[in-house]
Amino acid sequence: MTPAGVPTGRALAVLAGLALLVALAALGIGATRLGPWRLLAAIWGDGLSAQERLVLFNLRLPRLVLGMLAGGALAVSGALMQALFRNPLADPGIIGVSPGAALGAVIAIVLGGAVAPFLPFALSIPALTILFAFAGGWLAVALLSRVAFRAGRTDIASMLLAGIALAALTGAATGLLITVADDQQLRDMNYWAMGSLAGATWARVGMAAAVIVPVMALAPLLARGMNALALGEAAAHHMGFRVEALKRRAILLTAAATGAAVALTGGIGFVGIIVPHLLRQALGPDHRLILPGAALAGGVLLVAADVAARSLMAPAEIPIGILTALIGAPVFLHILLRRMAAGGGIA
Amino acid sequence: MIRLDGVSLHRGSRCILCGLSLDIRAGEVTVILGPNGSGKSTLLAALAGTMPYRGAVRLNGHDVSRCGPARMAEERAVLPQHSELAFPFRVAEVVALGARGGLAGDPAALAARVEALLARLGLEGFGPRNAASLSGGEAQRMHLARVLLQAETGSGAPPWLFLDEPVNGLDLAHQLAVMDEARAFARQGGGVLAVLHDLNLAVRAADRLLVLHEGGLCADGPPGRVLNDALLETVFGCEALMNRIPLDRPFLLVQAQANITRQ
């Protein structure tokens with residue numbers, strides 16, 4: 001049983017059921033319709049035309065898996081940031097982690113071409129983009145925590161201001177890089193800035209999985225420490241946790257997951273705030289449930305949003321980042337208003 | 001046993017406690033008294049392993065400066081003046097956060113232990129409530145239950161309870177309830193070290209008083225011997241009546257016309 005009274009098994013079963021539903025929708029809906037029975041038949045390897053097989057296995061399946069991975073990564077990052085900064089409104093996008101990662105990615109996209117010929121084969125441009133996005137995200141969180149942590153307390157106002165400065169810096173640097181980018185790079189950047197799962201290939205899925213799956217597996221190991229951190233840094237220390245090490249690990253995992261998600265899917269915001277918020281409402285705030293739950297529920301939400309983005313204005317595709325912002329920004333305001341009503345405010 | 005040997009604490013470059021050497025025994029309640037700024041909480045933090053110091057502190061034989069947080073958490077639990085809560089945990093969850101060792105991995109036994117502790121502290125049936133909805137007194141008792149659980153399940157022999165101004169903001173009944181719980185803990189062989197402001201409460205709760213003043217220990221002993229009019233005037237800088245009737249323990253009566261002259 002979770003302390004909220006929801007059996008853990010049932011919560012996971014519900015999430016797994018939802019994952020299956022959105023997976024069927026993601027694989028079946030589109031210009032080439034594939035019903036659930038035909039998808040099942042495809043598993044046994046028959047009943048599909050060559051073109052349908054191509055659509056299913058080379059377009060929709062990698063897109064589904066990339067969506068599950070990126071959504072999970074963003075949600076886990078959000079849950080970790082919220083635990084670290086002890087605030088349910090800390091979202092990697094809002095406090096500047098994603099902008100930092102985005103800056104790294106843009107640098108890699110624009111300048112990567114110049115250095116690519118000298119790089120070993122394994123460091124292709126997409127891999128370089130992930131690496132730079134990770135470095136950018138890590139620098140951003142490291143800077144934020146320097147600003148935010150004062151004598152064991154979290155100074156939310158300073159952190160938000162630093163986040164704004166980071167976002168401005170990213171915007172300016174991106175603008176600067178746009179002036180030196182060539183046409184192909186401009187298309188890459190533009191497409192990437194809006195956030196999309198459309199570029200999913202198995203190669204990209206592989207790169208995402210290599211970073212995100214370990215993060216998802218390691219994050220729950222921090223859960224007990226994150227629970228203790230909810231009582232404050234001093235209390236967590238008194239309860240036996242190495243607070244500085246805990247914070248460093250949370251920052252590292254967040255930077256890795258956010259970096260990979262941003263590098264491969266672009267600017268998809270608010271997943272990191274919606275998913276942990278909904279999970280806390282349903283399951284309570286215990287991070288032993290929230291962290292694994294976010295890995296699954298984040299993917300479900302992002303894939304569901306992607307299905308909506310593909311079908312609402314078909315054949316046109318709404319950039320998914322726009323859709324998540326349309327849902328996420330009101331959720332953010334809702335949480336903020338409720339905290340204000342409870343006398344809590346942003347801090 | 002806590003053994004301090006030549007312990008000095010600094011705030012910036014200023015020495016606020018210089019060369020303190022003493023033993024603090026388990027099985028009794030030791031209360032640290034002193035005016036604001038005399039280093040009471042700083043001393044407690046140093047002994048708890050969260051404040052650097054010079055000299056040597058041994059807690060149950062362990063060198064505090066070489067102990068990691070996990071080792072320290074086995075030996076002592078700390079109840080702070082105020083506790084925060086970033087997320088809406090339930091009361092039972094907050095208390096359960098204190099559990100160590102085998103109990104932490106046994107949900108059924110842990111739930112029963114938490115329920116029993118809550119009942120002992122007058123919070124029966126509070127387990128499923130949102131901890132953020134508690135009053136100040138209820139929240140402090142919830143956190144007391146948490147640190148008692150940590151002390152009980154830690155491997156410290158004896159376990160220690162550090163209380164840093166644990167009754168601030170509590171009404172009289174809850175002040176007494178918290179300190180009575182501390183006395184019960186000491187009666188069972190645990191060590192209790194508390195920082196208090198209220199002299200009368202200190203007299204009621206303490207077996208031994210340590211009075212800090214001007215960088216050192218200016219009085220040490222049972223309340224009946226330590227507290228007197230001269231100490232009040234020199235340490236706290238105030239004239240007040242110290243009464244001993246009807247008990248042999250002193251009690252302080254600050255009358256309306258008492259002439260208070262802060263130094």
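This note goes through a predicted model of two chains, point by point.

1. **Chain A, overall.** Chain A is built from 14 helices and 2 strands. Its C-alpha atoms fill a box of roughly 65 × 55 × 35 Å along the principal axes. The radius of gyration of chain A is 20 Å, which agrees with the value near 20 Å for a compact globule of 347 residues. Of those 347 residues, 51% count as buried. Take the contacts in chain A with a separation of 6 or more: 79% of them are between residues 24 or more positions apart.

2. **Chain B, overall.** Chain B has 10 helices and 12 strands. Its radius of gyration is 19 Å, close to the 18 Å that the globule rule gives for 263 residues, so chain B is as compact as a globular protein of that length. The C-alpha trace of chain B spans about 55 × 45 × 35 Å along its principal axes. Buried residues make up 44% of chain B. For contacts in chain B between residues at least 6 apart in sequence, 65% join residues at least 24 apart.

3. **Helices α8 and α11 of chain A.** Helix α8(A) covers residues 202-218, and helix α11(A) covers residues 243-265. Their axes come within 9 Å and cross at roughly 155°. An angle over 145° counts as roughly antiparallel, so α8(A) is roughly antiparallel to α11(A). The crossing is left-handed. From α8(A), the contact takes A:R204, A:M207, A:A208, A:V211, A:I212, A:V215 and A:L218. From α11(A), it takes A:L253, A:A256, A:A257, A:A260 and A:L264. By class, these residues are 11 nonpolar, no polar and 1 charged.

4. **Helices α4 and α7 of chain A.** Here the pair is α4(A), residues 97-115, and α7(A), residues 183-194. The axes come within 10 Å and cross at roughly 160°. These two helices are therefore roughly antiparallel to each other. The crossing of α4(A) and α7(A) is right-handed. On the α4(A) side the contact residues are A:V106, A:I109 and A:V110, and on the α7(A) side they are A:Q185, A:D188 and A:M189. The contact of α4(A) with α7(A) divides into 4 nonpolar, 1 polar and 1 charged.

5. **The contact between the chains.** Chain A gives 21 residues to the contact, and chain B gives 22 residues. On the side of chain A that touches chain B, α9 (223-229) and α10 (233-238) each supply at least two residues. The largest share of that side, 4 residues, comes from α10(A). By class, the side of chain A that touches chain B has 10 nonpolar, 7 polar and 4 charged residues.

6. **Backbone points to check.** Most residues other than glycine have a negative phi, and most peptide bonds are trans.
   - A:R86 is a residue other than glycine with a positive phi, near 55°. A:R86 lies in the loop between α3 (50-84) and α4 of chain A. A:R86 has 22 other C-beta atoms within 10 Å. The cut-off for buried is 20 or more, so A:R86 is buried.
   - A:F270 is not a glycine either, yet its phi is positive, about 70°. A:F270 is found in the loop between α11 and α12 (271-283) of chain A. A:F270 is buried too, with 26 other C-beta atoms within 10 Å.
   - The peptide bond from B:A157 to B:P158 is cis, with omega near -5°. B:P158 sits in the loop between α6 (136-153) and β7 of chain B.

7. **B:L163 in strand β7.** B:L163 belongs to strand β7 of chain B, residues 160-164. With 28 other C-beta atoms within 10 Å, B:L163 is buried. Leaving out residues up to four places away in sequence, B:L163 touches B:L79, B:A182, B:V192, B:A194 and B:V195. B:L163 and B:L144 are 19 residues apart in sequence, and their C-alpha atoms are 9.2 Å apart in space.

Methods:
Residues are numbered from 1 along each chain as its sequence is written. Chains are lettered from A and ligands numbered from 1 in the order in which they are written. This is a predicted model: local features need pLDDT of at least 70, side-chain atom pairs count only at pLDDT 80 or more; totals for chains, interfaces and linings use all residues. Axes are lines fitted to C-alpha atoms, for helices over the stretch in contact, and angles run from 0 to 180 degrees between N-to-C directions. Angles under 35 degrees count as roughly parallel, over 145 as roughly antiparallel, 65 to 115 as roughly perpendicular and the rest as oblique. A crossing is left-handed if the near helix is turned anticlockwise from the far one by less than a right angle, and right-handed if clockwise. Two residues are in contact if their C-beta atoms, placed from the backbone, lie within 7 Å. Ala, Val, Leu, Ile, Met, Phe, Trp, Tyr, Cys and Pro count as nonpolar, Asp, Glu, Lys and Arg as charged, and the others, Gly among them, as polar. A residue is buried if 20 or more other C-beta atoms lie within 10 Å of its own, exposed if 12 or fewer, and partly exposed in between; C-beta atoms are placed from the backbone. The radius of gyration is taken over C-alpha atoms; the globule rule is 2.2 Å times the number of residues to the power 0.38.
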